[in-house]
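Reader: I'm new to this one. Can you walk me through it?
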Amino acid sequence: MLEFVTGAEVIARAAIDAGCNFFAGYPITPATGILLNMVRLIPKARGVFIQGEDEIASIGFCIGASSCGMKPMTATSGPGISLYSENIGFAQMAELPLVIVNVQRMGPATGGATTNAEGDIQFIRWVTSGGYPMIVLSPTTVEECYELTIDAFNLAERFRTPVVLSTCKDLVMNRSTADISRYKRPSIVERKFTTDAANFLPYNYTKLDDVPPFAPIGGDILTRVNTSTHNKEGRLSKDPEIAGPALTHLSEKITKHIDEIERVEADVQDGAETIIVAYGSMGRTSRDVVEMARRKGAKVSLAIVKSVWPVPEKGLKKCIGNHKKIIVPELNLGQYVLEIQRLFPDKTTVPINRVDGKLITPEEIIENFIHTSPNPSPSTFLRAGLQRRGRSSS
Amino acid sequence: MKYVNPDRKPYPFCPGCTHGIILDSINDALDRIGADPKKTVLVSDIGCVGLADKYFDVHTFHGLHGRSFTYACGVKLANPELQVFVLVGDGGCGIGGHHLINAARRNIGIKVICFDNFNFGMTGGEHSVTTPTRGKTHTTPEGNIERPFDLCNLVLASNGTFVARKTAFDKDLTDTLASAFGHDGFAFIDVLEICTAYYMPLNEFKKSSLDKMIEDSGLKLGILKDEKLFEYCANLRRAWPEKKLGPPAPKGMEAKFKSGIREGYYSVVLAGSAGMKIVSAATNFARAGLNCGLYATQQDDYPVTVQTGHSLSEIRLSPHQIHYAGIDRPDALLVVSQDGLRVSKKTLSGLTENQIVIKTKDIEGLETRARVYEIDMQDRSLGLSKANIMTAAIALLLSITKIMPPEAFKAVLEAIPKEKIREENIRAFDAALKILNPKH
């Protein structure tokens with residue numbers, strides 16, 4: 001059975017199914033659909049909905065609620081992520097789970113409110129001071145909106161950290177067909193609450209990569225939440241012997257468990273020399289590219305990166321294997337391709353970029369590996385991307 | 001009951017600083033109301049007073065500068081039974097003023113205690129929103145040329161339900177704090193005090209100068225407002241059902257009809273004006289596709305204003321999953337207004353005799369190589385209006401092309417819940433059949 005839905009509807013449904021019981025947000029196109037769906041759904045699930053006075057308040061409410069053991073979500077677009085930035089660092093530092101949906105639009109600044117772009121992909125990784133790891137997932141279909149929203153909650157709770165669902169206008173605002181049988185519902189992961197009241201410390205780790213058991217604000221065990229560098233008791237401390245391990249812990253609890261986060265969908269074709277590496281809406285388009293190309297008899301592989309950050313190195317290395325050429329289409333000036341070039345310096349990488357608000361068409365990708373005319377003529381915007389890198393194989 | 005742990009004292013504040021007096025008073029006020037430490041939450045942010053949390057044996061939450069109001073509101077929204085109080089400085093009330101006025105406006109039952117010493121202590125004596133005019137700080141070395149906030153007036157103007165101003169030297173500070181803690185709603189207490197590190201030496205300010213400053217500035221002391229009004233977090237819960245309800249199940253559509261599209265895509269651009277129900281008609285069209293087991297995508301474009309300008313929808317249909325939703329050259333273009341023509345001129349120029357254009361008769365200046373069909377909106381016998389013309393255009397397209405049986409579309413229209421809209425659409429559907437077969 002098929003349904004005709006927006007990504008916004010599906011993300012909201014998935015959030016409720018994941019146990020989300022707190023939503024705070026501020027209206028911003030193209031993320032408003034999520035706000036509008038949540039205001040209808042969450043009170044029925046006996047959860048809290050509040051429209052903040054701005055984005056800073058919205059994420060602040062979520063952080064306060066998370067400290068009480070609730071499962072909060074907020075949704076915004078690039079300008080809102082700018083305002084979330086400091087509080088994202090706080091959620092990392094205070095180890096508070098939180099799901100942030102970033103429905104990207106054209107930037108910089110106010111940019112184009114109803115215009116497609118995926119220009120926040122490096123921004124969302126390096127969004128806050130210190131550069132501690134962010135977990136970022138990116139769906140390519142409405143069915144994946146459902147699964148990855150639940151995954152985002154699960155990873156946030158598992159690692160006690162903010163997790164971003166990175167999408168764009170194309171998937172969230174527009175309606176498309178979902179095959180109901182393809183909605184995958186991961187089992188729900190709950191936060192690990194402390195069972196040892198006598199020895200409880202709010203930020204207790206033995207090994208640096210441990211995730212400290214949690215006690216909620218307002219519960220029977222007194223706890224401390226602290227945005228400043230703190231000791232295991234949650235009290236302010238700048239002692240190098242405390243701060244060093246505490247901050248390394250924030251990184252290692254994620255980087256040492258990347259296997260739990262990696263999500264790469266591989267569609268590798270035997271004998272293909274070209275592989276497309278894509279995420280988000282370009283992952284979506286690339287699915288059509290592969291089908292069209294194969295119908296024309298061409299060989300091509302596809303790696304869809306659903307866990308954009310941390311970079312799923314293992315999964316990518318496995319799919320890229322012996323392919324010679326890596327095509328990286330992106331709705332920005334070439335951001336994630338930097339990671340691909342870092343990982344695969346000996347391969348030919350072909351960035352395909354577009355920042356005019358239009359989606360890159362399947363044909364614009366195909367002409368980079370099936371030469372239908374002697375001189376493929378990419379558009380002005382495409383050419384900009386190719387020349388900048390100087391790594392085009394053709 | 002001790003809320004401040006005596007073993008952790010003395011406080012870390014500068015000699016003579018009055019922060020400690022206020023903290024002790026908070027301890028006594030909590031004791032007075034019999035607060036359960038496990039149900040008590042101290043929220044602080046940046047500034048000297050933000051050093052206080054570690055001295056308290058209650059739940060503590062130390063956050064970003066000026067944002068303590070938002071965390072406290074989040075905690076209270078999550079768990080309304082908690083006693084949540086914010087310790088903030090005049091600096092925090094400046095940077096977080098927006099949150100202060102909105103927490104007050106909403107009447108979220110947090111208690112805000114402002115440690116107001118007219119300057120930033122932690123960063124070294126810069127001016128704040130409460131620095132008196134002519135007051136010297138390290139960022140107003142010649143004297144402050146700005147006028148200060150009366151924080152109580154700010155909260156009063158925001159409809160805060162409990163507002164008080166005291167000084168750190170008032171013998172009855174504990175009484176006022178206890179009243180604030182007992183208030184079922186938002187409470188704000190501006191506690192005026194002295195900064196011995198910066199504001200006093202820079203201004204030759206003495207303890208006695210505080211009274212003069214209050215008088216000169218016309219600041220009112222005491223409880224300025226104490227009003228009973230429904231507390232926000234409790235109010236919000238009144239709308240909750242008794243039992244938790246999950247999200248609605250996906251509204252799946254069975255394929256009841258057979259599509260004529262066997263492979264590839266069929267793309268249609270629907271162009272009209274705002275107020276002409278273009279987006280709704282397009283969604284109904286796509287759903288008709290689902291009624292035939294087709295996959296569909298819809299992309300809409302319209303200005304941010306309503307009831308003015310163009311409205312454009314693009315529908316792609318295919319027997320297989322569609323990922324890329326863009327349309328470079330549609331198979332059909334349906335134009336029902338001059339606005340619609342304006343935004344589809346580029347599309348129009350790419351059409352050949354293999355494509356179809358359906359237009360309303362009133363549209364002028366449409367030139368194309370495509371096959372053109374017309375609907376006369378003025379023909380009264382058709383019963384068409386701006387609100388249903390696009391539905392008629394879709395029905396006509398289906399009758400001409402056989403991409404799907406028109407009944408698949410009619411079934412969607414018949415399921416429209418609102419009677420008036422349903423009838424309007426079915427009338428348009430029937431009109432389209434009349435256009436093709438004028439005899440009936």
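Reader: What share of the 394 residues in chain A is buried?
Author: Buried residues are 57% of the 394 in chain A. Buried means 20 or more other C-beta atoms within 10 Å of a residue's own; exposed is 12 or fewer, partly exposed is in between, and C-beta atoms are placed from the backbone. This is a predicted model: local features need pLDDT of at least 70, side-chain atom pairs count only at pLDDT 80 or more, and totals for chains, interfaces and linings use all residues. Residues are numbered from 1 along each chain as its sequence is written, while chains are lettered from A and ligands numbered from 1 in the order written.

Reader: And in chain B, what percentage is buried?
Author: There, 52% of the 440 residues are buried.

Reader: How many helices and strands does chain B have?
Author: Chain B has 15 helices and 15 strands. These are DSSP runs, numbered from the N terminus: helices are H or I with at least four residues, strands are E with at least two.

Reader: Is chain B compact or spread out?
Author: Spread out, because its radius of gyration is 34 Å, well over the 22 Å from the globule rule for 440 residues. The radius is taken over C-alpha atoms, and the rule is 2.2 Å times the number of residues to the power 0.38. The C-alpha trace of chain B spans about 100 × 55 × 40 Å along its principal axes.

Reader: Which domains are assigned in chain B?
Author: Domain 1 (19-237) and domain 2 (266-436). The bounds come from an automatic or database domain assignment. Over C-alpha atoms, the centres of these two domains of chain B are 60 Å apart.
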